[in-house]
Amino acid sequence: MPSPLLRWGLVLLVCLLAPVGFAKEVKVRKSKAKLPRLVRIHTGHRLHRDAAAAFERMAEEARAAGQPLLVTSGWRSYQQQRYLWRRYRQGLGPKAALPGLSNHNRGLAVDLVVGSEEVSPTYDWLAGNACRFGFRRTVASEPWHWEYRPRSTPGPQDGEDCLGRPVNVEPAPAVVRHDAS
Ligand SMILES: [Zn+2]
């Protein structure tokens with residue numbers, strides 16, 4: 001049997017060391033939580049998994065409408081954003097947010113080839129349809145930059161597109177059942 005003194009010594013030691021171990025675990029969890037849950041979309045770019053799922057649905061519809069969406073940027077690491085921000089500060093690149101402040105760093109923003117004049121057919125398709133998938137523009141000077149913000153992006157009214165233009169709704173074709181015999 002260990003002496004009472006030794007026992008109390010052990011208890012004291014455990015009490016002293018436990019918070020250290022706990023703190024380490026919390027630190028690890030926090031650093032992992034900072035990384036968004038990223039998945040690759042069909043273009044090879046990465047997005048937050050919710051944004052990715054919505055984007056793939058949108059891209060599929062756009063493609064079917066004859067407006068394939070070309071992605072130039074999705075998720076960016078802190079280092080990539082820092083590089084772009086420095087280029088911007090040096091007057092060598094387009095406007096870029098501070099590292100950590102861009103929604104590209106959270107995997108919630110996507111840059112698309114739309115034509116900067118906002119008159120291209122692809123831009124027109126996005127303006128009329130992106131809200132149905134939770135995407136919208138957030139930077140007035142960047143028609144190519146679209147963000148996934150489903151909570152603050154209202155969908156269109158019935159019979160209208162995202163710009164309030166009437167949509168020609170064709171009646172759904174009757175389902176013909178072919179029973180297997
Ligand atoms: Zn962007």
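User: Where in the protein does Arg 132 lie?

Analyst: In this predicted model, Arg 132 is placed in the loop between H4 and S5.

User: Why is Arg 132 called partly exposed?

Analyst: The relative accessibility of Arg 132 is 38%. A residue is buried under 20% and exposed over 50%. The value for Arg 132 falls in between, so Arg 132 counts as partly exposed.

User: Which residues does Arg 132 contact, leaving aside its neighbours within four places in sequence?

Analyst: Arg 132 is in contact with Glu 61, Pro 156 and Cys 162, once neighbours within four places in sequence are set aside.

User: What makes Cys 131 and Cys 162 a disulfide?

Analyst: Their sulfur atoms are 2.0 Å apart. The cut-off for a disulfide is 2.5 Å, and the pair is within it, so the pair qualifies. By this rule the protein has one disulfide. The pair links distant parts of the chain: Cys 131 is in the loop between helix H4 (121-129) and strand S5 (135-137), while Cys 162 is in the segment after strand S6 (145-148), 31 residues apart. The link is left-handed, with -90° about the S-S bond.

User: Why is Cys 131 classed as buried, and why is Cys 162 classed as partly exposed?

Analyst: Cys 131 has a relative accessible area of 12%, which is under 20%, and therefore counts as buried. Cys 162 has 24%, which lies between 20% and 50%, and therefore counts as partly exposed.

User: Which protein atoms are the donors of the zinc ion?

Analyst: The donors are His 104 (NE2), Asp 111 (OD), Asp 111 (OD) and His 145 (ND1), at 2.0 to 2.8 Å from the zinc ion. Along the chain they follow the spacing H-x6-D-x33-H. Both His 104 and Asp 111 are buried.

User: Why is the site of the zinc ion called irregular?

Analyst: The angles among the four donor atoms run from 52 to 156°. A tetrahedral site needs all angles between 85 and 135 degrees, so this site is not tetrahedral.

User: How do you know that the length of helix H3 agrees with its number of residues?

Analyst: Helix H3 covers residues 78-89, which is 12 residues. At 1.5 Å a residue these should span 16 Å, and the end C-alpha atoms are 16 Å apart, so the two values agree. Just after H3, Gly 91 takes a positive phi of about 75°.

User: Which residues have the most contacts inside the largest nonpolar core?

Analyst: They are Phe 55, Met 58, Leu 112, Leu 126, Phe 135 and Trp 146, in a core of 24 residues. Two or more residues come from each of helix H2 (49-64), strand S4 (109-112), H4 and S6. H2 gives the most, with seven residues. Leaving aside neighbours within four places in sequence, Leu 126 is in contact with Met 58, Leu 69, Leu 112, Val 114 and Trp 146.

User: How many helices and strands does the protein have?

Analyst: The protein has four helices and six strands, which run α-β-β-α-β-α-β-α-β-β from the N terminus on. Of its 181 residues, 30% are buried.

Technical notes:
Residues numbered from 1 in each chain as written. Predicted model: local features only at pLDDT ≥ 70, side-chain atom pairs only at ≥ 80, totals over all residues. Heavy atoms only, no water. Donors = N, O, S within 2.8 Å, 3.2 Å for Na, K, Ca; no water. Tetrahedral: all angles 85-135°; square planar, octahedral: opposite > 155°, others 65-115°. Buried < 20%, exposed > 50% of the residue type's maximum accessible area, 1.4 Å probe, protein only. Core = buried A, V, L, I, M, F, W, Y, C linked by side-chain atoms within 4.5 Å. Contact = heavy atoms within 4.5 Å. Expected span 1.5 Å × (residues − 1).
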